[in-house]
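Subject: Structure handover

Hello,

Please find the structure below, with the sequence beside it.

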Amino acid sequence: MYIKIAPGVQVWISNEEQLFINKYKNYTSFRSSDLEITEMETAKILASKSIFVRKKLDNDVQYAVNR
């Protein structure tokens, strides 16, 4: 499935990634330590696709939906 992230820009996401986005879209932010091991990789992939914003902390990573 393609989603539009900016005018003229679409990104392909899988069904698993869509479920992950729906699960965390109402959170203002969340940390990688709050995620399961399989969800950590999905969060990294979505951050590389510019769907999530990633902020590196001293000993953790914080994610938020790119709005």
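Serine 50 counts as partly exposed, at 38% relative accessibility. Serine 50 sits in the loop between H2 and strand S4 (52-56). Its phi is near 65°, a positive value in a residue other than glycine. Most residues other than glycine have a negative phi.

Before the rest, two remarks on how to read this. The model is predicted, so local features need pLDDT of at least 70 and side-chain atom pairs count only at pLDDT 80 or more, while totals for chains, interfaces and linings use all residues. Residues are numbered from 1 along each chain as its sequence is written, and side-chain values use heavy atoms, with hydrogens and water left out.

The chain as a whole

The protein chain has two helices and five strands, in the order β-β-α-β-α-β-β along the sequence. The radius of gyration is 12 Å, close to the 11 Å that the globule rule gives for 67 residues, so the protein chain is as compact as a globular protein of that length. Helices (H or I, at least four residues) and strands (E, at least two) are DSSP runs, numbered from the N terminus. The radius is taken over C-alpha atoms, and the globule rule is 2.2 Å times the number of residues to the power 0.38.

Along the principal axes, the C-alpha atoms fill a box of roughly 35 × 20 × 20 Å. Of the 67 residues, 28% are buried. The chain exposes about 4,900 Å², and carbon and sulfur atoms supply 50% of that area; the areas come from the Shrake-Rupley method with a 1.4 Å probe, and for residues only the protein chains shown count as cover. Taking contacts (heavy atoms within 4.5 Å) between residues at least 6 apart in sequence, 44% join residues at least 24 apart.

Residues around leucine 46

Which residues does leucine 46 touch, not counting those up to four places away in sequence? They are Ile13, Glu17, Phe20, Ile21, Ile51 and Phe52. Leucine 46 is in helix H2 and is buried, at 0% relative accessibility.

Isoleucine 13 lies in the loop between strand S2 (9-12) and H1, and its relative accessible area is 0%, so it is buried. Beyond four places in sequence, isoleucine 13 touches Met1, Ile3, Gln18, Ile21, Leu46, Lys49 and Ile51. Isoleucine 21 belongs to helix H1 and is buried, with a relative accessible area of 12%. With neighbours within four places in sequence left aside, isoleucine 21 is in contact with Ile13, Leu46, Ile51 and Phe52. Glutamate 17 is in helix H1 (residues 15-24) and counts as buried at 8% relative accessibility. Its contacts outside the four places on either side in sequence are Trp12, Thr42, Ile45, Leu46 and Lys49.

Two polar contacts

A polar contact is a pair of N or O atoms within 3.5 Å; within protein, one must be able to donate a hydrogen and the other to accept it, and residues adjacent in sequence count only if both atoms are side-chain atoms.

Glutamate 39 is in helix H2 and is buried, with a relative accessible area of 11%. Not counting residues up to four places away in sequence, glutamate 39 touches Phe20, Lys23 and Tyr24.

Another, of 2.6 Å, joins the side chains of serine 32 and aspartate 60. Serine 32 is in the loop between strand S3 (30-31) and helix H2 (37-48). Is serine 32 buried or exposed? Serine 32 is buried, with a relative accessible area of 13%. Beyond four places in sequence, serine 32 touches Met40, Asp60, Val61 and Tyr63.

Regards

Note on methods:
Buried means under 20% relative accessible area, exposed over 50%, partly exposed in between (1.4 Å probe, protein chains only).
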